[in-house]
Amino acid sequence: MFSYRILKIVVRRPTVFSRYKSSLGLWNHDITTNIKLDIEKYWAKEILCNKIGNKDTYYVLPMFPYPSGNLHMGHVRVYSISDTIARFQELEGKNVIHPIGWDAFGLPAENAAIERNTLPHIWTDTNISAMKEQLVQLGFKFDWNREISTCDPKYYKWTQYIFLKLFENGLAYQCKAKVNWDPIDQTVLADEQVDDSGCSWRSGVKVEEKILTQWFIKTTKYAKHLYEGLNSKSLDNWKDIINLQKHWIGECNVFVADNINYPEGRDVYIACPSIDSEDYKLCLSLNIPIAKTNDKIVDKISENERAIDLAQKNNCGGYFVSSKLKDWLISRQRFWGTPIPIIHCPNCGIVPVPYEDLPVVLPEISTQETRVSKLTSFKSWQNCKCPKCSSDATRESDTMDTFVDSSWYYYRFLDPNNDKKPFDKEKLMGVTPVNCYIGGKEHAVLHLYYTRFMSYFLHSLGLTPTQEPFKKLLVQGMIMGQSYKTKNTGKYLPPENVEKIGNEYKERETGEPVLVQWEKMSKSKYNGENPERLLSTYGCDTTRLLILADVPPATSRRWSDTTLPGVLNFQHRLWITIRDFLMHKQNVELSTKNILSEKEFKEYENKLWNSRNYFIATATYHFKYTHKLSVGISRLQSLTNVLRNNIPPQIIANSKEYEKSLASLIIMLSIITPHFGCELWAGMRSAPNRICDNADGIDWNQEVVQQRWPIVDESYPLSLQCKVDGADRCDLKIEANKLNSLDLDRVLQIVIEEKGVAERIKHGILRTKYELYPNCRAILHIFTNRKAKNKLQLEKEKETFSSQA
């Protein structure tokens, strides 16, 4: 068997700093890349320190990567998002779980290894080491002690265990089927892995049809449960993902028949038994319930239910299915995957591998066998004894689709070292479903469907506390690069081979017209961006800030260096703000001379108080609830502008509100740029005559990553917004301590007294929805009967007009 080396990054993570560090003391220098790199090296240890929370656990999970060898910009974006959310929740006092691992099996690794004349496990292990180093370089705070790899026998033992549970419950079966065959990768593809043009999603080649004996998982049995589960209130703001999932599953509405004249090109027929005699006969023959026909009630529900019960007891159906969904084909005719734990015996037939014999480990490959790609090549491994009758038998030679490996990994992260079972249910209590699951929209159909199915199945066995695996989905848009291709041939060109003449683009050598467009980054299109270049040129904090600024996570990101000046200027303004703060704090005259009158001083204090509370409330709302991180960053930029907009030196030196606002800004910034935040904090901490203390929510004896996330003052008036039928009708201001305690009844009582609301609810309230975001804002949605009343009024007007005519 292979031995897999999961490399551990050993980082000492003290939970309390007994002695804080000073800054590098470079405030008289302008901020440069070299200074940023020095800062990142200096604070590398501190930004990874654990902060012990005193609240509930928060589980934030980015989709684990395939170890291709190098991070691409999509990786940088998704892990910058997850790290920011994890750091925010930690400053809010949560015990954060933020794990990482490797989706390491599959065709890409196997093909890459064959091309390079190496072994797949060596190729994979090397890539994991390289990518891990890059992740650490970017300052991502992962729970490396929870690291897993799907190609590790310690992991895929339990993938095999789950397969056997599926087999025991009649959900894993083998049968002959017409399948999609990829002639390049020499393996079967599920229908979902073939695009609309009939091409493989991996190799791009046209697939062929073959009849093969394959393994399937009967996901269709759970189709109705999965469809109805999408209406659960436990799903937090899934939005269009619900529609994608529902469209994929299809409505699950008990009927299959082949004696119907289907419309040409269709395999679905909508029957109307109340008006069509043939449809009526069809419904009777299929025991389909009919509500009313010819004034006689034809109630077939009880007979139908009895038929369903009988079918279920005999394990021959009896469950609602979708007219479009098929069972999950998991067989793959390749080497680099989880072996299917089945033995074929000439006497006993299909026999599951006993649990005590797991894992069924992949056979060893010698360095002379690097081009081997199927388990059928290993006869000594394939030949075995039947566990039932001890006669000669053979092992199953197919491996599992990698979607099986990734369908349950989110549970293993919570108990990664368990060698007795996949995970302990107790370790999942109070932690699942995952609070925030982050990944690309391209995985919002297949991967999400399979993970939901597996979670429902594991819950049916009593292994998990909840059915749904994820509470909130944060779907990330693609990173797009600008590509250039010749108009006539469609050949892609490197940017240096293109020149702009007027408003047109031409190929430098030929002068041929060139099309310019934004496309998904790809080496073959010469429109990629290498994260290594960004890290060496600007540093990891600037790279993180650059990838998160300007557009929210769900929006596709058009990558361009044109946004860089704004990010660099933001860091420069923060740097000189600390420089000015130190300079004025050290000026003794400013603390003794009253250049401003008491009234003027108070006016500045009030302005800073309002600004600090406003930007804390709005930044928190977007970092915590909407996860529009770019909007949160813009609020931090706005607070920076306030602190630099004609603030007199006396205020900078002596105002508690200025000091508190600056401290709050640096704390909030630290979740985006942790190294830079640590240096700014250390600089601020070095100032003499500081005014704020623990009573202000600031602990100067701790680093910035150990602080508490700032909250608004209790007396600050927050927004209570009311929307009627989707339109804004009033925006009231209520003090934070009062707003946080308001319930729906009291809020409704308050807003209906407002003229703009009262005029819009005269036709009656259909339903309401109240959203309270503590210490941020509240929104009341009112839906009225207005549309129904308008429709009724229109019909009355038509009747009046008709009678008059």
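Four strands form an open sheet in the order 6-5-7-10, paired antiparallel. Strands are DSSP E runs of at least two residues and helices are H or I runs of at least four, numbered from the N terminus. Two strands pair if DSSP finds at least two bridges between them. The edges are strand 6 (187–189) and strand 10, each pairing on one side only. Strand 5 (residues 172–182) meets strand 6 in the antiparallel sense over three bridges. In strand 6, T187 is the bridge partner of D182.

This is a predicted model, in which local features need pLDDT of at least 70, side-chain atom pairs count only at pLDDT 80 or more, and totals for chains, interfaces and linings use all residues. Residues are numbered from 1 along each chain as its sequence is written, and side-chain values use heavy atoms, with hydrogens and water left out.

**Confidence**

pLDDT is the predictor's confidence in each residue, from 0 to 100. The protein chain averages 87, and 87% of the residues score at least 70. Over residues 1–18 the pLDDT is below 50, yet this stretch has 53 contacts in the model beyond near neighbours in sequence. A contact means heavy atoms within 4.5 Å. Residues 296–301 also stay under 50, with eleven contacts beyond four places in sequence. Where pLDDT is low, the predicted coordinates should not be read in detail.

**Aromatic pairs**

The whole structure holds 39 aromatic pairs. Rings of Phe, Tyr and Trp (its six-membered ring) pair if their centres lie within 6.5 Å; planes under 30 degrees apart count as stacked, over 60 as edge-to-face and the rest as tilted. Two pairs are tabulated here.

| Pair | Centre distance | Plane angle | Class |
|---|---|---|---|
| Y222 and F453 | 5.3 Å | 90° | edge-to-face |
| W328 and Y450 | 3.8 Å | 10° | stacked |

W328 lies in strand 10 (residues 328–329) and Y450 in helix 14 (residues 446–460), so their pair ties together parts 122 residues apart in sequence. Buried means under 20% relative accessible area, exposed over 50% and partly exposed in between (1.4 Å probe, protein chains only). W328 is buried at 1% relative accessibility, and Y450 is buried at 3%. Y222 counts as buried at 12%; F453 does so at 0%.

Ring pairs also build a cluster, whose members include F64, Y155, W408, Y409, Y437 and F470.

**Charges over rings**

A charge sits over a ring if NZ of Lys or CZ of Arg is within 6 Å of the ring centre and within 35 degrees of the ring normal. K21 lies over the face of W43, 5.0 Å from the ring centre. K218 lies over the face of Y173, at 5.6 Å.

**Cores**

A nonpolar core is a set of buried Ala, Val, Leu, Ile, Met, Phe, Trp, Tyr and Cys residues joined through side-chain atoms within 4.5 Å. The largest has 197 residues, and Y409 and F623 touch the most other members. Leaving out residues up to four places away in sequence, Y409 touches L61, P62, M63, F64, I148, Y155, Y437 and H447. A second, separate core has six residues, among them V179, W181, F216 and L329.

**Helix 16**

Nine of the nine residues of helix 16 (residues 540–548) are buried, so the helix is largely enclosed by the rest of the structure. Its buried residues include D541 and R544, along with L545, L546, I547 and L548. D550 follows helix 16 with a positive phi, near 80°.
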